[in-house]
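Me: I am new to this structure and would like a close look at a single part of it. Please take me through that part carefully.

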Protein chains: 2
Amino acid sequence: MTGPMTPDALEAALRRIGAERYHNLHPFHRRLHDGLCGIDEVRAWALNRYYYQSMIPIKDATVLSRMEDPAMRREWRERILDHDGREAGDGGIARWLKLTASLGFADEDVASTRGILPATRFAVEAYVNFCAKRPLLEAIASSLTELFSPQIIGERVSGMLAHYPFVSRDTLSYFTARPVQAKRDSDFALDHVRRHALTRPEQDAVLAALRFKCDVLWVQLDALWGAYVEGAVPPGAWRPGEAIAREEAA
Amino acid sequence: MTGPMTPDALEAALRRIGAERYHNLHPFHRRLHDGLCGIDEVRAWALNRYYYQSMIPIKDATVLSRMEDPAMRREWRERILDHDGREAGDGGIARWLKLTASLGFADEDVASTRGILPATRFAVEAYVNFCAKRPLLEAIASSLTELFSPQIIGERVSGMLAHYPFVSRDTLSYFTARPVQAKRDSDFALDHVRRHALTRPEQDAVLAALRFKCDVLWVQLDALWGAYVEGAVPPGAWRPGEAIAREEAA
């Protein structure tokens, strides 16, 4: 039986997981920001990632529903405001639709999530379920991939602007807003975890939660690679050159 | 608005989904039964598929818990007996462990599910959650991939026996038992769906449930292909030549 870590040692272990497993290490991320993706790969990435974005406020609402402290809820609810906006047309989801619209998808087709890869759906659902079912400490810890997101967003925006004539600073406005929000959110979550994960089993669970979340992100890029780089699009998913199905024929 | 189908038309639509989306069409299945997999690909397939097998009785217990008719429960509970066995060492899960043991994995490592691919975990969890949350009719319909399994099992057993010196009829005993069970189960489920999916929305939901289940199976083979045919093993999953991790280091 190993004893508990100090908060600093726990934070170092969390950061090590990011250094080893965060999806900035995935070949699809490198391909995307190095400008090696064809437009259909960028379209597929944006289309699939929409589902992740759209489920984040639902995930955060399940976490919010389990917080007993009003001060904590005031902090956490900011995440929902960030994504859903103060009014229609505002917020992260609306900004993501600007990106998919600029890539040629109709908002209603994207929002229907009909064309996404089944692996995207299963991974995102797993994240929502994890946050609904696991102890609050672990749900909060699973958000800690945001510790690593300001860097990936920087690489992504500069890489995409440099390499793809079909994206602009305006269509990438989602990412302009995110680093400040992510920094605020991950400061809060990291502080919470440092103060509340005190026993070794709690600390191990926190580390496992972050590993799980890295898996959620990694699986999404694996699926994009298989479908749109290797070209093995699974049945029912959007195929380049085709419209997103409006409904399934019986 | 389209009107309801006759039961025969509904059954034909279900069988069409199988003909278009069942995982016997996946390149990994062909590779496996054609003898083109290396032993490590067969090992990875058996290791990952164990998780699916092991969760089936849990899925079936959630379905059972929602059936109000004792006669229906008597039918459905046979599925749990098939997988869990009448006694220790009996049943589908125990027979699957014979296969993984013959491929060199210790039972406790397999049962820990530590080395499986995250995509396997997410897909199987999605199936269990679907059956727990969706209407009973859809949960039953999602089992209808068994309509198509006797054929795939026949191809798999004959192909694997012909091509792989490291498998035998004894280590493949899981599959010997399955076709009769699957036929009984799919007869029941098909009859239920034919009699209870009477409105068009119910019929559409039944068809969507079967499509969803095909996705659950397809995603698992996609993930095996990426990790063990293409060689892009995701962080944390079993790597050929290495032992399955007993615990994560902090």
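How much area do chain B and chain A bury between them, and what share of it is on carbon and sulfur atoms?

Reply: This is a predicted model, in which local features need pLDDT of at least 70 and side-chain atom pairs count only at pLDDT 80 or more, while totals for chains, interfaces and linings use all residues. Residues are numbered from 1 along each chain as its sequence is written, chains are lettered from A and ligands numbered from 1 in the order in which they are written, and side-chain values use heavy atoms, with hydrogens and water left out.

Chain B and chain A bury about 2,200 Å² between them, with 59% of it on carbon and sulfur atoms; buried area is the accessible area (1.4 Å probe) that two parts lose on being put together, summed over both. On the side of chain B that touches chain A, helix H1 (7–21), helix H7 (118–133) and helix H11 (200–229) of chain B each supply at least two residues, helices being DSSP runs of H or I with at least four residues, numbered from the N terminus. H11(B) gives the most to this side, with 9 residues. The residues of this side of chain B divide into 16 nonpolar, 2 polar and 11 charged, where Ala, Val, Leu, Ile, Met, Phe, Trp, Tyr, Cys and Pro count as nonpolar, Asp, Glu, Lys and Arg as charged, and the others, Gly among them, as polar.

In terms of contact (heavy atoms within 4.5 Å), 29 residues of chain B meet 29 residues of chain A. Between chain B and chain A the count is 0 salt bridges, a salt bridge being a side-chain nitrogen of Lys or Arg within 4 Å of a carboxyl oxygen of Asp or Glu.
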